[in-house]
Amino acid sequence: MSKSFLEVDGLFKIYPDGQGGELTVFEDIRFALEKGEFVCIIGHSGCGKSTILNVLAGLDEASAGNVVMNGKEIKGPGLERGVVFQNYSLLPWKTTLNNIVFAVRARWPEWSKEKVKEHSERYLKMVGLDHALNRKPSQLSGGMRQRVSIARAFATQPELLLLDEPFGALDALTRGVIQDELVKIWEETRQTVFMITHDVDEAILLSDRIFLMSNGPNARIAESVKVDIPHPRARATIFQNPAYHKTRDYLVDFLVNRSGSALPEKDGTPKIVEPAKGVAQSTPASFDSETESESDTAARAVNA
Amino acid sequence: MASLNVRAALLSVSFLILALGLWEMATQPPEAQTGMTEYEMLMGGADQESRVPPPSAVLKLAWAELSNPFYDAGANDKGIGIQLGYSVYRVLTGYLAAMAIALPVGFLIGMSPLMYKALNPYIQVLRPISPLAWMPLALFIIQDSDASAIFVIFICSIWPMLLNTAFGVANVRQDWVNVARTHELGPLRTAITVILPAAAPTILTGMRISIGIAWLVIVAAEMLVGGTGIGYYVWNEWNNLDLASVIFSILMIGVVGMLLDLALGKAQKLVEYKE
Ligand SMILES: Nc1ncnc2c1ncn2[C@@H]1O[C@H](COP(=O)(O)OP(=O)(O)OP(=O)(O)O)[C@@H](O)[C@H]1O
Ligand SMILES: [Mg+2]
């Protein structure tokens, strides 16, 4: 088996439980991401999704296990991994533009001032904020702030983007609009994205695969669900695809009925599930759909 | 309807007129009944002068002093501007020295829980000491009254700056620190581009408290060490029983204190941010 872009191997997170014992939040987390994949992870609150993401970001340390990206072990944060935090984390004393400039300059210190500015403005334009360059974050709505935060992450062109419930604090309307924008940016850039969400529809709209986590403590990534809907996708039309409903039913059933007891394969890798397999596509696939061999239990990319 | 500001200004002026009027009336010399009493004749009318002077006398003096604030006619006769200048010079010197120490040390304490724990006991013991209590020790060690006064300013203005810097730095939102970390900023760049601007409002609050305390303390310190400065001037005029000068310098102390505070307030506005 060839090495994947990102390999997560046997992650544990263990805290003291306050009574002399131990609390294992999650155990033996194993998965792999391929370049250009969009993967969402869903699980009930407290199962450890943010912790996993922070370990990938290098902001937190696992109690055991390791993460290897591009053949190098991750030890601490780095510019090749961009993070979008749930609470935006913009620097409030900087203007919209300067928040991006800050990141771009850190990424390419050798660039000229003009080049940095031009690059930053391009990404702000992508999220439709070129009219608010000189406003401070406090003068922006929640949705606009999250757009800036997304622009900042994309502008540094990291090899891996980590998004922790980026739309969690937004109202449904705004969320929809920004989801569409994210789809658009992703279609353009094809970044590798790992995203946490609580929203099943959002996960289907965006991902190639969805990881399902069982409940904590001792949570696992039990299943890897393939989303067999061709790109480009759009929020308005995705409902027409029969694969959408199959996938959605499967996810909801997992979260409601099976998340307490679900287990991964014996070797610790997530079970690969294709709920929409065999469902006729209403729109022809715009890419060569690979035929996944059933015996290959490793989580492999669909469109690497 | 006039704006709130206009009405407030009108009210302020009325209060001032009322207060000055009451003061003027309360300090009128009693009607000379039958000329001078025997006692007053003995005193040569000197008793008149030891009365609290009316505002008109203070204003007259203020006009004279302020129209030539920088004259220098010997050790005991210098213009109010020169005296205030000495005091401001001492305050700023002590204050800047305190800043040079308080900001880096505050940063260190704020960033390192170890240093915080190690230094905290000393800070807690030293902080409540009245700055003037240091004066004898300072005079003995430094052997120079001017430098001792500056030292006292140094010691009294260091604590609010130190503690506020430490507090501000320690409480920078972890999210912002994480932004610096994910962008691979080194410790120095993180300190300058993220932690300093994030903690600046808290640090400036400490600096503003410090300058206020320093200005309070300089008056007392100069009364002790003598020679020059507004504190010495007040005390000297009291010894001369020149109460109009005492009142005038009290007002000037207030005005300069207010200006110092205004300056720091302006600086505070510059670094403020809304989340
Ligand atoms: N310092 C700590 N000590 C003990 N337990 C902790 C500590 N920090 C986090 N935990 C536990 O770790 C678990 C995982 O937290 P995490 O934030 O990763 O969950 P999550 O899946 O992101 O949840 P949510 O969906 O609510 O964001 C939680 O159950 C939490 O109680
Ligand atoms: Mg979370």
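How many bridges join β3(A) to strand β9 (residues 209-213) of chain A, and in which sense do the two strands run? The legends below take this up, along with a few other views. This is a predicted model, in which local features need pLDDT of at least 70, side-chain atom pairs count only at pLDDT 80 or more, and totals for chains, interfaces and linings use all residues. Residues are numbered from 1 along each chain as its sequence is written, chains are lettered from A and ligands numbered from 1 in the order in which they are written, and side-chain values use heavy atoms, with hydrogens and water left out.

**View 1. Strand β3(A) and its two partners.**
The answer to the opening question is 4 bridges, with β3(A) and β9(A) running parallel. Strands here are DSSP runs of E with at least two residues, helices are runs of H or I with at least four, and both are numbered from the N terminus. Two strands pair if DSSP finds at least two bridges between them. V39(A) has R209(A) as its bridge partner in β9(A). Strand β8 (residues 192-196) of chain A is also joined to β3(A) by 4 bridges, again in parallel, and there I41(A) sits opposite I196(A).

**View 2. The two faces of β3(A).**
Look along residues 38-42 of chain A and you will find 5 of 5 buried. Buried means under 20% relative accessible area, exposed over 50%, and partly exposed in between (1.4 Å probe, protein chains only). In a regular strand the side chains alternate between the two faces of the sheet. On one side of β3(A) are F38(A), C40(A) and I42(A), on the other V39(A) and I41(A), and all of these are buried.

Strand β7 (residues 160-164) of chain A is mostly covered, with 5 of its 5 residues buried. L160(A), L162(A) and D164(A) point one way, while L161(A) and L163(A) point the other. Strand β6 (residues 81-84) of chain A runs parallel to β7(A) and is joined to it by 4 bridges; V84(A) has L163(A) as its bridge partner. With β8(A), β7(A) forms a parallel pairing over 5 bridges.

The residues around ligand 1 are Y15(A), V25(A), S45(A), G46(A), C47(A), G48(A), K49(A), S50(A), T51(A), E165(A) and H198(A); a residue is listed if one of its heavy atoms lies within 4 Å of the ligand. They divide into 3 nonpolar, 6 polar and 2 charged. Helix α1 (residues 49-57) of chain A gives the largest share of the shell, 3 residues.

**View 3. Backbone contacts to ligand 1.**
Backbone N or O atoms reach oxygen atoms of ligand 1 at 2.9 Å from G46(A), 3.3 Å from C47(A) and 2.9 Å from G48(A). Ligand 1 has 640 Å² of accessible area on its own, and the protein covers 59% of it (Shrake-Rupley method, 1.4 Å probe).

V225(A) belongs to strand β10 (residues 221-226) of chain A and is buried, with a relative accessible area of 0%. P230(A) is in the loop between β10 and α7 (242-258) of chain A; P230(A) counts as buried because its relative accessibility is 8%. From P230(A) to G278(A), 48 residues apart along the chain, the C-alpha separation is 14 Å.

An unreviewed UniProt entry gives "domain: ABC transporter" for residues 6-240 of chain A; UniProt positions follow the numbering used here, feature names are shortened, and annotations may be inferred rather than shown by experiment. That span is 31% helix and 26% strand, with its end C-alpha atoms 33 Å apart. For chain B, UniProt lists "domain: ABC transmembrane type-1" at residues 84-264 (unreviewed entry), a span that is 86% helix and 0% strand. The UniProt annotation "transmembrane region" (unreviewed entry) covers several stretches of chain B, including 92-116 and 241-264. Residues 92-116 of chain B are 96% helix, with end C-alpha atoms 28 Å apart, and residues 241-264 of chain B are 92% helix, with ends 35 Å apart.

Conventions:
A polar contact is a pair of N or O atoms within 3.5 Å; within protein, one must be able to donate a hydrogen and the other to accept it, and residues adjacent in sequence count only if both atoms are side-chain atoms. Ala, Val, Leu, Ile, Met, Phe, Trp, Tyr, Cys and Pro count as nonpolar, Asp, Glu, Lys and Arg as charged, and the others, Gly among them, as polar.
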